[in-house]
Amino acid sequence: MKKKIIASSIIGVIGIMTFIGFIIFSVLNISGGIQMNTPSQLIETLEEGQYTVFHEYKSYGNGQIIISSEEDLNGLKVVVTSKDGQNIELLPVKGNVTYNINNRSGRGIFTFDIPELDEYHISTESKNSVALNISQMTAMSIIKIVFTSFLILIVTAVLILIVLLNKAKNIDEDYDRYED
């Protein structure tokens with residue numbers, strides 16, 4: 001029984017460390033992204049996948065806290081263009097995608113799909129200066145993070161139960177089979 005408790009404790013510690021590591025890694029990836037203030041232009045290498053343009057209504061930069069409202073978005077134009085001049089279609093965000101990480105708060109306003117790894121030109125125009133964050137964080141990516149986190153905990157719990165409930169084989173059973 002003592003070996004079972006030690007084994008299940010080791011499985012539990014490994015499971016919890018995996019869970020915490022996964023959460024930290026996921027949050028660090030989410031909090032990244034391309035930070036830009038409007039109006040501006042930049043050329044950025046983007047990986048294939050879906051991206052979300054967030055209005056960072058609470059942001060900071062150059063030693064200043066920047067707070068803006070939805071009214072500041074009036075007249076905002078974002079254009080993403082491939083190297084060969086093809087416009088990438090921007091669509092409104094489905095649902096309410098928000099974040100509050102590292103003293104930054106944002107709300108999703110557009111999504112777009114990047115077909116392949118390449119350099120893309122991103123330009124923004126606006127009547128008011130607003131902070132934007134462009135990242136691969138989507139509602140589906142957040143759901144995947146939550147689902148995977150719970151899956152790690154469930155697998156850990158199942159492995160602990162298997163170890164604790166597994167009957168120890170009686171040593172004499174092996175010898176009894178050969179005694180006839």
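Phe112 is buried, with a relative accessibility of 2%, where buried means under 20% relative accessible area, exposed means over 50%, and partly exposed covers the range in between (1.4 Å probe, protein chains only). The model is predicted, so local features need pLDDT of at least 70 and side-chain atom pairs count only at pLDDT 80 or more, while totals for chains, interfaces and linings use all residues. Residues are numbered from 1 along each chain as its sequence is written, and side-chain values use heavy atoms, with hydrogens and water left out.

Phe112 takes part in the one aromatic pair found in a search of the whole structure. Its partner is Tyr51; the ring centres are 5.5 Å apart and the planes lie at 10°, so the pair is stacked. Under the rule applied, rings of Phe, Tyr and Trp (its six-membered ring) pair if their centres lie within 6.5 Å, and planes under 30 degrees apart count as stacked, over 60 as edge-to-face and the rest as tilted. Because Tyr51 lies in strand 3 and Phe112 in strand 9, the pair ties together parts that are 61 residues apart in sequence. Tyr51 is also buried, at 6% relative accessibility.

Strand 9 spans residues 104–114, and eight of its eleven residues are buried, so the strand is largely enclosed by the rest of the structure. Helices (H or I, at least four residues) and strands (E, at least two) are DSSP runs, numbered from the N terminus, and two strands pair if DSSP finds at least two bridges between them. Strand 3 (residues 49–61) pairs with strand 9 in the antiparallel sense over eight bridges. Strand 8 (residues 98–101) is joined to strand 9 by four bridges, again antiparallel, and Asn100 in this pairing has Ser105 as its bridge partner. The hairpin of strand 8 and strand 9 has two residues between the strands, and Asn102 there takes a positive phi near 50°. Two bridges join strand 7 (residues 91–92) to strand 9, also antiparallel, with Leu91 opposite Thr111.

Most residues other than glycine have a negative phi, and most peptide bonds are trans. The peptide bond from Thr38 to Pro39 is cis, with omega near -10°. Pro39 is placed in the loop between strand 1 (34–37) and strand 2 (40–46).

Seven bridges join strand 2 to strand 10, and Gln41 has Ser123 in strand 10 as its bridge partner.

Side chains of opposite charge can pair when their charged atoms come close. A salt bridge is a side-chain nitrogen of Lys or Arg within 4 Å of a carboxyl oxygen of Asp or Glu, and by this rule the count comes to two. One of them joins Glu56 and Arg104, at 2.9 Å from N to O. Glu56 lies in strand 3 and Arg104 in strand 9, so this pair ties together parts that are 48 residues apart in sequence. Both Glu56 and Arg104 are buried. Asp118 forms a salt bridge with Lys83, where the closest N and O atoms are 3.5 Å apart. Asp118 is in strand 10 (residues 118–125) and Lys83 in the loop between strand 5 (77–82) and strand 6 (87–88), so that distant parts of the chain, 35 residues apart, are linked. Asp118 counts as partly exposed at 21% relative accessibility, whereas Lys83 is exposed, with a relative accessible area of 60%.

A nonpolar surface patch of about 910 Å² is made by ten residues listed by name: Val146, Phe147, Phe150, Leu151, Leu153, Ile154, Val155, Val158, Leu159 and Ile162. Patches are made of residues with over 30% relative accessible area and no salt bridge; like charges are joined within 9 Å, and nonpolar side chains (Val, Leu, Ile, Met, Phe, Trp, Tyr) within 5 Å. Val155 is found in helix 2 (residues 139–165) and counts as partly exposed, at 43% relative accessibility.

The chain as a whole has three helices and eleven strands. Buried residues make up 31% of its 180 residues. The chain exposes about 12200 Å², of which carbon and sulfur atoms supply 59%; accessible areas come from the Shrake-Rupley method with a 1.4 Å probe, and for residues only the protein chains shown count as cover.
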